[in-house]
Amino acid sequence: MSWQNGFESIIREQVHLAPLTWFGLGGPARYFITPENTAQLSAVMKRLHESQIPVYVLGSGANLLVRDEGVDGAVIHLSNPSFSQVNIDGRIAKVGAGADMMHLVNTMCKTGLGGIEAVAGIPGTLGGHIRMNAGGAFGDIGSAVASVTMLDGEGHLYTRSRDELVFGYRHSNITGKIVVEAVLELRPENPEQLTQRMKEIWVFKKNSQPMGENSAGCTFKNPDGQSAGKLIDEAGLKGATVGGAMVSRRHANFIVARDGTRSADVLALIAHVQEMVESRFGVKLQTEVVIW
Ligand SMILES: Cc1cc2nc3c(=O)[nH]c(=O)nc-3n(C[C@H](O)[C@H](O)[C@H](O)COP(=O)(O)OP(=O)(O)OC[C@H]3O[C@@H](n4cnc5c(N)ncnc54)[C@H](O)[C@@H]3O)c2cc1C
């Protein structure tokens with residue numbers, strides 16, 4: 001019996017991942033799986049585990065660089081609407097991991113529920129935001145999270161509440177393979193004021209980052225007490241290129257992919273920036289971008 005038995009309708013093979021990422025780069029996924037609901041996701045995870053097929057989870061690909069050769073495993077995409085449900089009860093919102101964060105932040109602000117406006121303008125799904133603890137100068141998603149429900153690598157569902165969760169700088173202690181849902185605890189606020197604040201945060205981001213170009217956000221994590229962007233800038237690397245990949249002139253911690261860029265160009269530019277910054281300042285930059 002093939003491991004795909006019974007799941008044929010949700011599995012496709014050799015699906016190109018480039019259009020599903022913000023970089024727009026990279027090769028295909030050997031298997032691409034779009035489960036219809038959590039029960040089916042759990043069942044397919046169990047089957048993948050038994051068949052020893054590596055599993056990758058794709059959100060909206062906003063923090064991801066897929067290699068040119070693609071992914072030799074199963075990429076799971078929570079694109080079915082059942083994974084984007086939003087249920088609000090007072091100040092509590094139960095939200096599916098596939099929910100689009102730009103849309104969610106907007107909805108919450110207009111509803112008069114504050115707490116996630118700090119991530120305004122940061123692309124991604126709720127699952128991706130929680131995994132990376134997305135955020136910036138105004139705060140992060142972790143501070144609004146009351147609990148997270150996830151699946152382990154064998155397809156078992158479990159929930160971790162706030163006192164068991166640790167959210168740090170672009171990091172969480174979530175050990176589950178796939179986040180399927182989270183409960184957000186928000187605070188009632190005036191919708192107009194909240195929407196105004198959201199717009200200001202969004203405008204700040206738009207003015208400081210190359211939002212209109214193909215990228216995956218910040219390439220490197222900020223080293224302790226330092227700004228990766230400042231180090232790259234001071235190393236004279238703004239505008240540096242390898243093939244079509246270029247260190248953004250607007251924000252040195254962004255690598256942008258121009259027409260004709262290959263993932264290999266981005267990887268080579270990442271290595272070049274790491275080398276130059278290390279030789280100049282003795283600091284080894286660690287990537288924030290996830291590389292598949
Ligand atoms: C223009 C631009 C600006 C950005 N600005 C910021 C910023 O200011 N601050 C910031 O923090 N980030 C920023 N980013 C990066 C990105 O928006 C965040 O990292 C976001 O959280 C990625 O979410 P995603 O759904 O796209 O995840 P993906 O890129 O699809 O995946 C990222 C990682 O999360 C994992 N993941 C995704 N979904 C799930 C899930 N359901 N369960 C478990 N793991 C999952 C993936 O396996 C992968 O390891 C920016 C990106 C861009 C393109």
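I began with Asn133 in this predicted model, and found Asn133 in the loop between helix H3 (126-132) and strand E9 (135-136). I read its phi as about 45°, a positive value although the residue is not a glycine. I recalled the background to that check: most residues other than glycine have a negative phi.

Gln52 sits in the loop between H1 and E3. Its phi is near 55°, which is positive in a residue other than glycine. The relative accessibility of Gln52 is 72%, so I put it down as exposed, the cut-off being over 50%.

From there I went back to helix H1. H1 covers residues 38-50, which makes 13 residues. I took the distance from its first C-alpha to its last and got 18 Å, close to the 18 Å expected at 1.5 Å a residue. Which residues of H1 are buried? I listed Gln40, Leu41, Ser42, Val44, Met45, Arg47 and Leu48. I noted that the list includes Arg47 as well as Leu41 and Leu48. I then looked up which strands the buried residues of H1 pack against. They are E2 (28-33), E3 (55-58), E5 (71-77), E11 (145-151) and E15 (178-185).

I turned to helix H6, residues 263-281, and to Ser263 within it. Ser263 has 0% relative accessibility, so I counted it as buried. What does Ser263 touch, not counting residues up to four places away in sequence? I wrote down Leu25, Gly26, Leu65, Val66, Arg67 and Asp68.

Ala264 is also found in helix H6. Its relative accessible area is 32%, so I noted Ala264 as partly exposed. I checked Ala264 against Leu65, which is 199 residues away along the chain. Their C-alpha atoms are separated by 9.9 Å. Leu65 had already come up among the contacts of Ser263.

Thr21 is placed in the loop between strand E1 (11-16) and E2. At 9% relative accessibility, Thr21 went into my notes as buried. Leaving aside neighbours within four places in sequence, I found Thr21 in contact with Ser60, Gly61, Leu64 and Val66. Val66 is also one of the residues that Ser263 touches.

How many helices and strands does the chain have? I counted 6 helices and 20 strands. The radius of gyration is 19 Å, close to the 19 Å that the globule rule gives for 292 residues, so I recorded the chain as being as compact as a globular protein of that length. Along its principal axes, the C-alpha trace spans about 55 × 55 × 30 Å.

I noted that 50% of the 292 residues are buried. For the contacts with a separation of 6 or more, I found that 64% come from residues 24 or more positions apart. I put the accessible surface at about 13,500 Å², with 48% of it belonging to carbon and sulfur atoms. I counted 27 positive and 29 negative side chains. The centres of these two sets lie 4 Å apart.

Notes:
Residues are numbered from 1 along each chain as its sequence is written. This is a predicted model: local features need pLDDT of at least 70, side-chain atom pairs count only at pLDDT 80 or more; totals for chains, interfaces and linings use all residues. Side-chain values use heavy atoms; hydrogens and water are left out. Helices (H or I, at least four residues) and strands (E, at least two) are DSSP runs, numbered from the N terminus. The radius of gyration is taken over C-alpha atoms; the globule rule is 2.2 Å times the number of residues to the power 0.38. Buried means under 20% relative accessible area, exposed over 50%, partly exposed in between (1.4 Å probe, protein chains only). Contact means heavy atoms within 4.5 Å. Accessible areas come from the Shrake-Rupley method with a 1.4 Å probe; for residues, only the protein chains shown count as cover. Lys and Arg count as positive and Asp and Glu as negative; His and the chain ends are not counted. The place of a charge is taken as NZ of Lys, CZ of Arg, CG of Asp or CD of Glu. The expected span of a helix is 1.5 Å times one less than its number of residues.
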